[in-house]
Amino acid sequence: RFEHWKADSFKLWAEAVAGWRKSEVYQLYLDMGRQSLETNQPIRDIIQNRARANQAYLSEHEFNIIADFNRQLHP
């Protein structure tokens with residue numbers, strides 16, 4: 001859908017991307033990635049630690065899907 005918007009209207013595409021980047025899911029993805037980098041732990045360990053601490057987390061599959069999606073968003 002993002003690609004369709006990009007073809008029709010760059011402005012609409014940019015607004016959609018901005019909305020995505022404000023979303024809770026994207027923010028969680030960023031938090032988990034930052035935590036992984038700061039602690040030098042694989043995302044799998046971050047997921048396990050967050051699950052044990054009853055914190056919100058994405059599954060490894062979800063995290064990887066979002067990473068792939070974000071790579072596709074660059075114009």
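1. How many residues does helix α2 have, and what does α2 reach from its first C-alpha to its last? Helix α2 covers residues 10–22 and has 13 residues. From first C-alpha to last, α2 reaches 18 Å. That is close to the 18 Å expected at 1.5 Å a residue. Please keep in mind that this is a predicted model.

2. The overall plan comes next. The protein chain has five helices and zero strands. Read from the N terminus on, the elements run α-α-α-α-α. Of the 75 residues in the protein chain, 29% are buried. Take the contacts between residues at least 6 apart in sequence: 45% of them join residues at least 24 apart.

3. Back to α2 and its two faces. W13, A16, V17 and W20 are the buried residues to look at here. They sit on the same side of α2, because they cover an arc of only 100° around the axis. K11 and K22 are exposed. These two lie on the face of α2 turned away from its buried side.

4. How does α2 pack with helix α3, and at what angle? Helix α3 takes in residues 24–39. The angle between α2 and α3 is about 60°, and their axes are 5 Å apart. The two helices are therefore oblique to each other. On the α2 side, the contact is made by W20, R21 and K22. On the α3 side, E24, V25, Y26 and Q27 take part. By class, this contact of α2 with α3 has three nonpolar, one polar and three charged residues.

5. From α3, the residues involved are V25, Y26, Y29, M32 and G33. From α5, they are F63, I66, A67 and N70. The contact of α3 with α5 divides into seven nonpolar, two polar and no charged residues. Note that V25 and Y26 of α3 take part here, and that V25 and Y26 also belong to the contact with α2.

6. Which residues of α5 are buried? They are F63, I66, A67, N70 and L73. Because they cover an arc of only 120° around the axis, they lie on the same side of α5. Among them, F63, I66, A67 and N70 meet α3. The face turned away from the buried side carries H61, R71 and Q72, which are exposed.

7. S36 deserves a look of its own. This residue is found in helix α3. Is S36 buried or exposed? Its relative accessibility is 15%, so S36 counts as buried. Leave aside its neighbours within four places in sequence, and S36 is in contact with Q41, P42, I43 and I46.

8. R44 has its place in helix α4, residues 43–52. Its relative accessibility is 48%, so R44 counts as partly exposed. The cut-off for exposed is over 50%. R44 and E60 are 16 residues apart in sequence. In space, C-alpha to C-alpha, R44 and E60 are 6.4 Å apart.

9. Two asparagines in loops have a positive phi. N40 lies in the loop between α3 and α4. Its phi is near 55°, a positive value in a residue other than glycine. N54 is found in the loop between α4 and α5. The phi of N54 is also near 55°. Are these residues buried or exposed? N40 has 70% relative accessibility, so N40 counts as exposed. N54 has 72% relative accessibility, so N54 counts as exposed too.

Technical notes
Residues are numbered from 1 along each chain as its sequence is written. This is a predicted model: local features need pLDDT of at least 70, side-chain atom pairs count only at pLDDT 80 or more; totals for chains, interfaces and linings use all residues. Side-chain values use heavy atoms; hydrogens and water are left out. Helices (H or I, at least four residues) and strands (E, at least two) are DSSP runs, numbered from the N terminus. The expected span of a helix is 1.5 Å times one less than its number of residues. Buried means under 20% relative accessible area, exposed over 50%, partly exposed in between (1.4 Å probe, protein chains only). The arc is that of the directions from the helix axis to the C-beta atoms. Axes are lines fitted to C-alpha atoms, for helices over the stretch in contact, and angles run from 0 to 180 degrees between N-to-C directions. Angles under 35 degrees count as roughly parallel, over 145 as roughly antiparallel, 65 to 115 as roughly perpendicular and the rest as oblique. Contact means heavy atoms within 4.5 Å. Ala, Val, Leu, Ile, Met, Phe, Trp, Tyr, Cys and Pro count as nonpolar, Asp, Glu, Lys and Arg as charged, and the others, Gly among them, as polar.
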